[in-house]
Amino acid sequence: MKKGKQHNTKQLAGKNIDVDKEGYLRHLDDWSEGVAECIAQEEGIILTQDHWAVINLLREFYHTFDVSPAMRPLVKYVGIHLGKEKANSIYLLTLFPPSPARIASKIAGLPRPANCL
Amino acid sequence: MMMAAEGNTTTMNAPKKLLFVLRQAPYGSTLAKDALDAILATSAYEQDLSIAFIDDGVFQLINNQQSELIDQKNIARILSALPLYDITQLFVCAASLAERGITLGAISEDITVLEPEALRTLLSQQDHLLSF
């Protein structure tokens with residue numbers, strides 16, 4: 001196994017997985033639903049159907065656009081795909097406190113949104 | 001970062017006109033990706049933001065970029081996310097396209113083609129130009 005200075009590994013869903021210093025997965029392919037549940041638990045979140053809808057949508061966003069969305073594009077994208085009533089920051093904040101774009105990206109196994117201030 | 005400092009001195013009701021001028025081909029250096037990172041970050045400040053693709057920058061617009069072969073992010077794919085960031089003012093230099101034999105059919109973005117004269121006008125209307 002490669003060992004670099006900034007290489008942290010973590011036991012997630014029974015596997016050793018490379019993560020960065022903030023706990024984001026280093027490799028997209030390491031993600032699984034079990035890994036998502038472990039990360040969510042660390043963030044104090046129990047995943048429901050509503051969470052999964054957003055997580056799957058985030059992964060679709062990343063595969064389409066090659067970036068993790070900041071808050072505003074995420075809200076818009078949710079509006080397009082999950083319905084207008086869910087397209088607001090309060091709804092997303094309730095699911096993924098305290099910072100929906102960051103926390104949901106982490107659970108979805110994506111890189112930290114670079115442009116998230 | 002420069003933008004943040006700028007924000008402090010700008011009153012809320014007077015958004016600045018910012019034009020990002022992109023002149024570099026997408027993968028020869030990291031400039032194209034750096035510019036996009038700056039653009040996406042700047043969009044959070046809700047300024048009057050537009051982008052002009054000039055010189056080799058027009059190569060960034062070509063669809064069907066196979067960046068995964070060199071293990072890089074796909075610039076064209078990131079550009080296609082711009083409407084979700086409320087960035088819709090995209091311009092491309094007609095002369096730069098013509099010099100490189102690029103037709104609009106090779107470009108997937110919804111973009112306004114400007115002749116050099118109109119481009120000069122656009123540049124002169126801005127509060128700030130950010131060149132990459």
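The structure is a predicted model, in which local features need pLDDT of at least 70 and side-chain atom pairs count only at pLDDT 80 or more, whereas totals for chains, interfaces and linings use all residues. Residues are numbered from 1 along each chain as its sequence is written, chains are lettered from A and ligands numbered from 1 in the order in which they are written, and side-chain values use heavy atoms, with hydrogens and water left out.

**Aromatic residues of chain A**

Select F61(A) and F65(A), whose rings form an edge-to-face pair with 4.8 Å from centre to centre and 65° between the planes. Rings of Phe, Tyr and Trp (its six-membered ring) pair here if their centres lie within 6.5 Å, and planes under 30 degrees apart count as stacked, over 60 as edge-to-face and the rest as tilted. The two residues are separated by about one helical turn, because they stand 4 residues apart in helix α2 (residues 49-65) of chain A; helices (H or I, at least four residues) and strands (E, at least two) are DSSP runs, numbered from the N terminus.

F65(A) is buried at a relative accessible area of 9%, and Y77(A) is buried at 5%, where buried means under 20% relative accessible area, exposed over 50% and partly exposed in between (1.4 Å probe, protein chains only). F61(A), F65(A) and Y77(A) form one aromatic cluster.

Next, select R59(A) with W31(A), where the charged end of the arginine sits over the ring at 3.8 Å from its centre. K106(A) likewise lies over the face of Y24(A), at 5.6 Å from the ring centre. A charge sits over a ring if NZ of Lys or CZ of Arg is within 6 Å of the ring centre and within 35 degrees of the ring normal.

**The largest pocket**

Which residues lie nearest the centre of the largest pocket? Select L28(A), Y62(A), D66(A), P111(A) and K73(B), which hold that position among the 28 residues of the lining. A pocket, on a 1 Å grid over the protein atoms alone, is an open set of points where a 1.4 Å probe fits, with protein on both sides within 12 Å along at least five of seven lines, and lining residues have an atom within 4 Å of a point. The element that gives the most to this lining is α2(B), with 3 residues.

**Backbone features**

Move to P97(A) and P98(A), which are joined by a cis peptide bond with omega of about 0°; P98(A) lies in the loop between α4 (89-95) and α5 of chain A. In helix α5 (residues 100-107) of chain A, select I103(A), which counts as buried at 5% relative accessibility.

N64(B) is in the loop between β2 (48-53) and α3 (75-79) of chain B, and is exposed, with a relative accessible area of 67%. D86(B), in the loop between α3 and β3 (89-93) of chain B, also has a positive phi, near 60°, and is partly exposed at 41%.
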